[in-house]
Amino acid sequence: IGLPEFPPKGASPETKSAFQERMKEIWIQRQAELQKLDETMADLPKLLLERIKRMDAYLQNPLAELSQEWQEPVDENSVTHIVSVLQDLEHHFTDIDVARDFHTLGGWAILVSLL
């Protein structure tokens, strides 16, 4: 993006105005970029709750869950099978804040039940 050079002391009103206008353009562009980034980011609490739900469903009826997993084709991008759920959680738990949120949402007791 490159910030414009700050106008020197005693700069003309036109120079100051051009600087202010360019800074406003940069700010608007940056806000649009941040909005776009925000739209692509995952809703982490929702994702963690989905993982908790999948683990709980597995614990309620492991045989049914396993037989369903064997019958369904595996989608590489899907996180529905118990192993992929656990692998996904392992990845997310590298961030201690995510691990804490998982605990706060009640996921630890369910996770420990799988041990």
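**Legends to close-up views**

**View 1. Crossing of helix 2 and helix 4.** In this predicted model, helix 2 and helix 4 cross with left-handed geometry. Helix 2 covers residues 44-60 and helix 4 covers residues 82-92, and their axes, which come within 10 Å, cross at roughly 145 degrees.

**View 2. Residues in the contact between helix 2 and helix 4.** On the helix 2 side, the contact is formed by L44, L47, L48, R51, R54, M55 and Y58. Helix 4 contributes I82, V85, L86, D88, L89 and H92. Sorted by class, the residues of this contact are 9 nonpolar, 1 polar and 3 charged.

View 3. H92 is a residue of helix 4. Is H92 buried or exposed? H92 counts as buried because its relative accessible area is 18%, under the 20% cut-off. Leaving aside residues up to four places away in sequence, H92 touches L44, L47 and V98. Of these neighbours, L44 and L47 belong to the helix 2 side of the contact with helix 4. L44 is 48 residues from H92 in sequence, while the C-alpha atoms of L44 and H92 are 9.5 Å apart in space.

**View 4. Helices and model confidence.** The protein has 6 helices and 0 strands, so that the order of elements from the N terminus reads α-α-α-α-α-α. Which elements have the lowest and the highest mean pLDDT? The lowest value, 70, belongs to helix 3 (residues 62-71), and the highest, 94, to helix 5 (residues 96-104). Over the protein, the mean pLDDT is 85, with 88% of residues at 70 or more.

**View 5. Burial, surface and contacts of the protein.** Of its 115 residues, 22% count as buried. The accessible surface of the protein is about 8900 Å², and carbon and sulfur atoms account for 58% of that area. Among contacts between residues at least 6 apart in sequence, 57% link residues at least 24 apart.

Methods. Residues numbered from 1 in each chain as written. Predicted model: local features only at pLDDT ≥ 70, side-chain atom pairs only at ≥ 80, totals over all residues. Heavy atoms only, no water. pLDDT = per-residue confidence, 0-100. Helix = DSSP H or I, 4+ residues; strand = E, 2+ residues; numbered from the N terminus. Buried < 20%, exposed > 50% of the residue type's maximum accessible area, 1.4 Å probe, protein only. Contact = heavy atoms within 4.5 Å. Areas by Shrake-Rupley, 256 points an atom, 1.4 Å probe, with all protein chains shown as cover. Axes fitted to C-alpha atoms, helices over the stretch in contact; angles between N-to-C directions. Left-handed = near helix turned anticlockwise from the far one by under 90°. Nonpolar A, V, L, I, M, F, W, Y, C, P; charged D, E, K, R; others polar.
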